[in-house]
Amino acid sequence: MTNEMSEAVSSDVSPEPLADAPEVKAYFGAAYPLVAQFASMLHDQGELRGLIGPREVSRIWERHILNSAAVVQFLPEQGTIADIGSGAGLPGIVIAAMRPEAHVLLIEPMERRCAWLSEVISELELSNVDVKRGRAEEYHGAFQCDAVTSRAVAALEKLARMSLPLVERGGEMVVLKGRNVSQEIEPARKVLRKYKTEEPEILEAMSVAGVEATTVLRVRRTAA
């Protein structure tokens with residue numbers, strides 16, 4: 001291997017400055033060790049196991065961990081929270097670490113991803129998480145949650161059909177979305193009316209200074 005190639009490989013796998021930044025440690029507080037351990041697992045195995053792309057390895061904290069963590073401020077501290085299409089555990093594992101008194105359900109249809117999630121739960125010794133293998137629709141009628149979240153799963157119309165049956169009355173669907181989410185609201189109106197929701201809120205979720213804000217859409221089901 002040439003020196004140039006060696007330097008390129010080292011550059012690709014070097015830790016992000018955010019990984020142990022004081023402001024990041026302060027943001028996560030007591031959850032930081034668990035979140036850092038999860039980030040390390042993603043860094044080491046995420047690309048190899050097809051969980052993140054090769055360009056993501058060097059920016060796991062900014063693009064994935066902090067992005068996922070930004071939604072937590074809008075989620076309940078207790079009760080049941082479901083993460084639909086959990087994949088690599090984003091945002092579900094981050095939520096579980098930051099909301100230790102909540103019961104977190106990771107709903108994921110792919111067996112290899114469920115295996116990964118189970119490994120992460122075991123490695124981090126998270127006692128408040130369960131993996132549910134299957135599509136969200138398969139659990140309609142099986143249980144309902146205080147909040148349902150997801151990240152980069154589907155357009156709002158489809159996502160609402162998947163998520164809202166899992167949200168109990170008075171509960172919320174709180175999802176990470178792109179900047180253009182406002183364009184998804186009108187096509188989803190029929191579904192939102194069916195499940196008797198309040199007007200959707202588009203929220204700007206900040207994490208730490210210098211990291212781009214995350215767009216969150218919150219939809220509450222009416223209590224009656």
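**Close-up views of a predicted model**

**View 1. Pro-200 sits in the loop that links α9 (189–194) and β6 (201–205).** In this predicted model, the residue Pro-200 is buried, with a relative accessible area of 11%, which places Pro-200 under the 20% limit that the word buried requires. When its neighbours within four places in sequence are set aside, Pro-200 is in contact with Ile-185, Arg-189 and Leu-192, and also with Leu-217, Arg-218 and Val-219. Pro-200 and Ala-36, by contrast, are 164 residues apart in sequence, and their C-alpha atoms are 33 Å apart in space.

**View 2. Thr-215 is a residue of strand β7, which spans residues 214–220.** The relative accessible area of Thr-215 is 16%, and Thr-215 therefore counts as buried, since that term applies under 20%. Apart from its neighbours within four places in sequence, Thr-215 has contacts with Val-175, Leu-176, Lys-177, Gly-178, Arg-179 and Val-181, as well as with Ile-202 and Leu-203. In a regular strand, the side chains alternate between the two faces of the sheet.

**View 3. Strands β2 (residues 102–108) and β3 (residues 129–133) pair in the parallel sense.** Five bridges make up this pairing of β2 with β3, and within the view Leu-105 can be found standing opposite Asp-130 in β3.

Definitions and conventions
Residues are numbered from 1 along each chain as its sequence is written. This is a predicted model: local features need pLDDT of at least 70, side-chain atom pairs count only at pLDDT 80 or more; totals for chains, interfaces and linings use all residues. Side-chain values use heavy atoms; hydrogens and water are left out. Helices (H or I, at least four residues) and strands (E, at least two) are DSSP runs, numbered from the N terminus. Buried means under 20% relative accessible area, exposed over 50%, partly exposed in between (1.4 Å probe, protein chains only). Contact means heavy atoms within 4.5 Å. Two strands pair if DSSP finds at least two bridges between them.
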